[in-house]
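Thanks for coming, everyone. Please have the viewer open, and let me walk you through this one.

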Amino acid sequence: MTDKTMTPEDVVGRLRSGMTIGIGGWGSRRKPMALVRALLRSEITDLTVISYGGPDVGLLAAAGRIRRLVAPFATLDSIPLEPHFRAARERGAFALTELDEAMFMWGLHAAANRLPFLPVRAGLGSDVMRVNPELRTVTSPYEDGEEFVAVPALRMDAALVHLNRADRLGNGQYLGPDPYFDDLFCEAADAAYVSCERLVDGTDGGDGFGPDTVPQTLLVSRHSVTGVVETPNGAHFTSCVPDHDRDEPFQKLYATTPWPEFAARFLSGKSEDDYQDAVRAWHDERTEERK
């Protein structure tokens with residue numbers, strides 16, 4: 001068995017400009033934000049990003065790192081439209097391939113199964129076909145002769161996902177109400193990196209999830225994982241229930257603060273610890289102001 005533990009810097013050291021990067025989670029929920037922040041501390045740019053978009057997309061868009069975004073949406077959940085994504089799109093900073101949510105999911109399935117495309121009904125009769133003229137349709141070879149959208153596989157050079165727990169071998173566990181599609185992201189990528197709130201250890205060389213672990217929560221299997229990173233609070237400011245909820249006051253700050261000001265205060269440090277220290281200092285200031 002191989003110990004796959006890494007640091008955020010180790011992960012970023014394996015990425016290159018021009019890559020296609022998939023980012024797991026959903027909107028402002030369970031995003032691998034520590035890995036995204038590590039990416040921002042690098043010089044990597046010109047990325048194609050595949051994501052159920054949230055602040056991961058907003059940060060990378062504001063920093064000018066995205067060449068093309070493939071996504072069904074970009075939202076902060078409690079704030080419907082990701083503001084830094086919107087600002088970047090309004091100034092034409094990157095190209096956008098906007099897919100229906102179901103089409104996006106089946107694109108992940110196709111890539112995970114090493115298929116060039118999968119046929120789906122989603123998208124037919126909608127403007128998805130108009131705004132994506134490169135999409136094609138296929139006709140069923142059977143008697144029904146039905147027409148489908150041929151959703152292309154969403155293959156990735158690397159995937160970044162965040163889970164509640166992981167072991168050193170690359171097995172990952174979610175503890176919240178929704179698995180999202182992190183397993184598909186990992187299986188659809190040439191390399192996959194899992195950050196986690198806490199690393200679990202086995203005492204006998206096996207996994208450390210414990211005998212009472214519900215098998216269905218072991219979402220990500222080690223066969224599809226290249227590296228594991230322990231990043232406590234690493235999904236901040238997105239939620240990672242039950243470990244922590246979304247930091248709504250900080251998310252509001254992010255959404256309403258001019259990007260240069262936000263980046264200078266919270267993203268100019270040399271490590272994830274610097275970011276977490278800056279967030280704690282901001283919360284302490286809020287507490288003092290309310291006294």
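Some ground rules first. This is a predicted model, where local features need pLDDT of at least 70, side-chain atom pairs count only at pLDDT 80 or more, and totals for chains, interfaces and linings use all residues. Residues are numbered from 1 along each chain as its sequence is written, and side-chain values use heavy atoms, with hydrogens and water left out.

Let's start with the pockets. On a 1 Å grid over the protein atoms alone, a pocket is an open set of points with protein on both sides within 12 Å along at least five of seven lines; a cavity is a set where a 1.4 Å probe fits but cannot get out; and lining residues have an atom within 4 Å of a point. Grid points are joined across faces, edges and corners, and a volume is the space filled by probe spheres set on the points.

The largest pocket has a volume of about 200 Å³. It has 15 lining residues, and the closest to its centre are Val-70, Thr-97, Glu-134, Pro-152 and Leu-154. Which elements give two or more residues to that lining? Three strands do: E2 (47-51), E3 (66-71) and E7 (147-152). Helices here are DSSP runs of H or I with at least four residues, strands are runs of E with at least two, and both are numbered from the N terminus. By class, this lining has seven nonpolar, four polar and four charged residues. For those classes, Ala, Val, Leu, Ile, Met, Phe, Trp, Tyr, Cys and Pro count as nonpolar, Asp, Glu, Lys and Arg as charged, and the others, Gly among them, as polar.

Now the second largest pocket. About 150 Å³ of space lies there. Its lining is Pro-8, Glu-9, Glu-230, Thr-231, Pro-232, Ser-271, Glu-272, Asp-273 and Gln-276. Helix H1 (8-12) and helix H10 (272-290) each supply at least two of the lining residues. H10 gives the most, with three. The classes come out at two nonpolar, three polar and four charged.

How many cavities of 30 Å³ or more does a search of the whole structure find? One. The largest cavity has a volume of about 50 Å³. Arg-30, Asn-164, Gly-176, Pro-177, Asp-178, Tyr-180, Ser-239, Cys-240 and Val-241 line it. Four of its lining residues are nonpolar, three polar and two charged. Keep Arg-30 and Tyr-180 in mind.

Back to H10. This helix has 19 residues and reaches 28 Å from first C-alpha to last, close to the 27 Å expected at 1.5 Å a residue. That expected span is 1.5 Å times one less than the number of residues. Its buried residues are Glu-272, Tyr-275, Gln-276, Ala-278, Val-279 and Trp-282. Seen down the axis of H10, they fall within an arc of 160 degrees, so they line one face of the helix. The arc is taken from the directions from the helix axis to the C-beta atoms. Buried means under 20% relative accessible area, exposed over 50%, and partly exposed in between, with a 1.4 Å probe and protein chains only. On the face turned away from the buried side, H10 carries the exposed residues Asp-273 and Glu-288. Cover for the buried residues includes helices H2 (33-40), H8 (248-256) and H9 (259-266).

A quick stop at Gly-107. This glycine is found in helix H5 (residues 101-112). Gly-107 counts as buried, at 0% relative accessibility. Neighbours within four places in sequence aside, Gly-107 is in contact (heavy atoms within 4.5 Å) with Val-151, Pro-152, Ala-153 and Leu-154. Pro-152 and Leu-154 also came up at the largest pocket.

Last, the backbone. Most residues other than glycine have a negative phi, and most peptide bonds are trans.

Arg-30 has a positive phi of about 45 degrees. Its place is in the loop between strand E1 (20-23) and H2. Arg-30 is buried, with a relative accessible area of 4%. Tyr-180 has a positive phi too, near 50 degrees. Tyr-180 lies in the loop between strand E9 (172-173) and helix H7 (182-187). At 12% relative accessibility, Tyr-180 counts as buried. Both residues line the largest cavity.

Then the cis bonds. From His-236 to Phe-237 the peptide bond is cis, with omega near 10 degrees. Val-241 to Pro-242 is cis as well, with omega near 5 degrees. Phe-237 sits in the loop between strand E11 (227-230) and H8, and Pro-242 is found in the loop between E11 and H8.
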